[in-house]
Amino acid sequence: MDMDKLVSLCKRRGFLFQSSEIYGGLNGFWDYGPLGVELKRNVREAWWQDMVRGHDDIDTLPGAPEPFEMTGLDCTIIMHPQVWKCSGHYDLFHDYMVDCRESKKRYRHDQVNGRWVEAKGKRIFVATQLGGDDALGETQQRALKFFNLRTKDAEQLQWQGPIVSLTKVSDFQHVLGPDAKEIGTLTEPREFNLMFKTYVGALSGEEGAAFLRPETAQGIFVNFKNVLDSSRVRVPFGIAQMGKSFRNEITPRNFTFRSREFEQMEIEFFCHPQASPEWYKFWRDRRYAWYLKLGLAGDRLRLRDHDQDELSHYSVGTADIEYAFPFLPPGEFGELEGIAHRGDFDLRSHMEGKLVRKGDELVVELDEDGKPRHRGSGKDLSYRDDITNERYIPHVIEPSAGADRATLAFMCQAYTEDEAPDENGKMQSRVVMKLHPRLAPIKAAVFPLVKKDGMPEVAQDIYKSLKKRFNAFYDEKGAVGRRYRRQDEAGTPYCITVDGQTLTDQTVTVRDRDSLKQWRVKVDECVEEIARLIESGGAGIE
Ligand code: GAP
């Protein structure tokens, strides 16, 4: 699938717009249009329904070690600054960046690749932001230009080793930056904290400094005791939260994939330390199955366990659910969701103070005077099992998903070009968004075949009864074939057409977006028919 085509459809049909577009846009920020807002809402609602409200529906629970409870929270975006000091974000949540003195561009150190090449007695590292085969082509072109060689002289370039990350290079004097003409214009890598800083109230200076949350997770940890005390849940149980998070990404890119303002859907699942490996496996498999159920194809979706050296500062085990986004080079996957075994790191940090690993132990980090570097709340965040009387700090499994990334993956998977017959039965090419009916922005569109003979009135009545239950759409303008096509692009799974026969036998045509099958249904059974189809996952009449 060509990503440019999806990006253009998103703008044309109102899925996504660049933020502040009339002022030239703001890099890393995106607005959801009329169709996009419905789609993303449906993604979030499917997650909340399947993970929180309906979490114990029998068929969604294979492999659960025991029954469990789920509850929700909606916390503020700005929290006490100490939260981020104890969580580790204040000290550790940074990327390394390099600046180019010549092009004035800024890059994430680990996102620059390149290869060493020698020609005319000089050895340089040609850098690019591209990966895979694209990087090979780009570095070749730029090396030819740098050494003032023609394409036919390419054999004069002596390449030394494969494409490697700039993080493997220490000699910056010989690096040709991704957008530079001269070598040695990149600065040494510098730390850059990704949290957005703001100031609360009228206090000036650092006293009023606060941060926009870079993840929703911490709101859950600091409310752990409140939830326990107010809702009578017992371990094992999970708390879910969805909402905006902010990261001042150095190089936002790939449409909404890496944005500076985005939405997360996170669960913190609290369990007994001994049961935690089993729960970790349960959540990993369950979250993977969720994406498959909603239409992501198995060959483009994978579950990948992290290597030991990839694990975050708190994690003893993490897996990523990854999708082969079309903007990535063939064979590469991008993260949709991480499922982390976080042990008791977070609850203990908010009790005792910021922790660091010392050998196999997590201990409170001390400053030069031997005092905790970042003091915890001092509150008891342990749990007492009222049946066994055991007191312990629960371990946490964290399935952490991005609502925007999931929405983007569902759109990439849905985008299809195929053919459908027009009103004269002639096959015409069409663009169709084959979204799962639960996710589709509009569930059903209603058309009168012509704008006369009482057809619009019947169609309006059907539309009105549908929209009490679903997002429905009414359209009476233009040829019916063109109306179908507009709905195909919007991803509407069912179109209902009122025609001449309706006026005699009170039946309408239902058309299935994907199979193109059409069948007749009684007018007063329309709503139930659409509800049944959406719930059963879509397939039209057999
Ligand atoms: N609490 C753990 C945590 O935040 P993460 O892997 O940093 O983990 C979780 O983020 C998910 O949030 C990612 O898998 C991704 O879907 C989404 N996400 C993270 N950064 C993002 C960004 N800059 N733009 C869009 N989505 C992002």
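Predicted model: local features only at pLDDT ≥ 70, side-chain atom pairs only at ≥ 80, totals over all residues.

Colleague: Which residues are the closest to the ligand?

Modeller: The closest are E215, R247, S259, E266 and E335, out of 21 residues that surround the ligand. A residue is near if one of its heavy atoms lies within 4 Å.

Colleague: Which strand gives the largest share of that shell?

Modeller: β17, with 5 residues. β14 (261-271), β17 (334-343) and β22 (395-402) each supply at least two. Strands (E, at least two residues) and helices (H or I, at least four) are DSSP runs, numbered from the N terminus.

Colleague: What about polar atoms of the ligand?

Modeller: A side-chain N or O atom of R247 is 2.8 Å from a ligand oxygen. E249 has a polar side-chain atom 2.8 Å from a ligand nitrogen. With L336 the backbone is involved: one of its N or O atoms lies 2.9 Å from an oxygen of the ligand. The cut-off for a polar contact is a pair of N or O atoms within 3.5 Å.

Colleague: How much of the ligand's accessible area does the protein cover?

Modeller: 90% of the 550 Å² that the ligand has on its own, by the Shrake-Rupley method with a 1.4 Å probe.

Colleague: Changing topic. What volume does the second largest pocket have?

Modeller: About 790 Å³, taken as the space filled by probe spheres set on the grid points. A pocket is an open set of points on a 1 Å grid where a 1.4 Å probe fits, with protein on both sides within 12 Å along at least five of seven lines; lining residues have an atom within 4 Å of a point. Of its 30 lining residues, E45, A46, Q49, D50 and R438 are the closest to its centre. The helix α2 (34-53) gives the largest share of the lining, 10 residues.

Colleague: Why does that pocket lie between domain 1 and domain 3?

Modeller: Because domain 1 (3-14 + 37-73 + 216-409) and domain 3 (427-536) both give residues to its lining. The bounds come from an automatic or database domain assignment.

Colleague: Where is the cis peptide bond?

Modeller: Between V235 and P236, with omega about 5°. P236 is in the loop between α7 (224-231) and β13 (237-246). R232 also lies in the loop between α7 and β13, and has a positive phi of about 60° although it is not a glycine.

Note on methods
Residues numbered from 1 in each chain as written. Heavy atoms only, no water. Polar contact = N/O pair within 3.5 Å; in protein donor to acceptor, adjacent residues only side chain to side chain.
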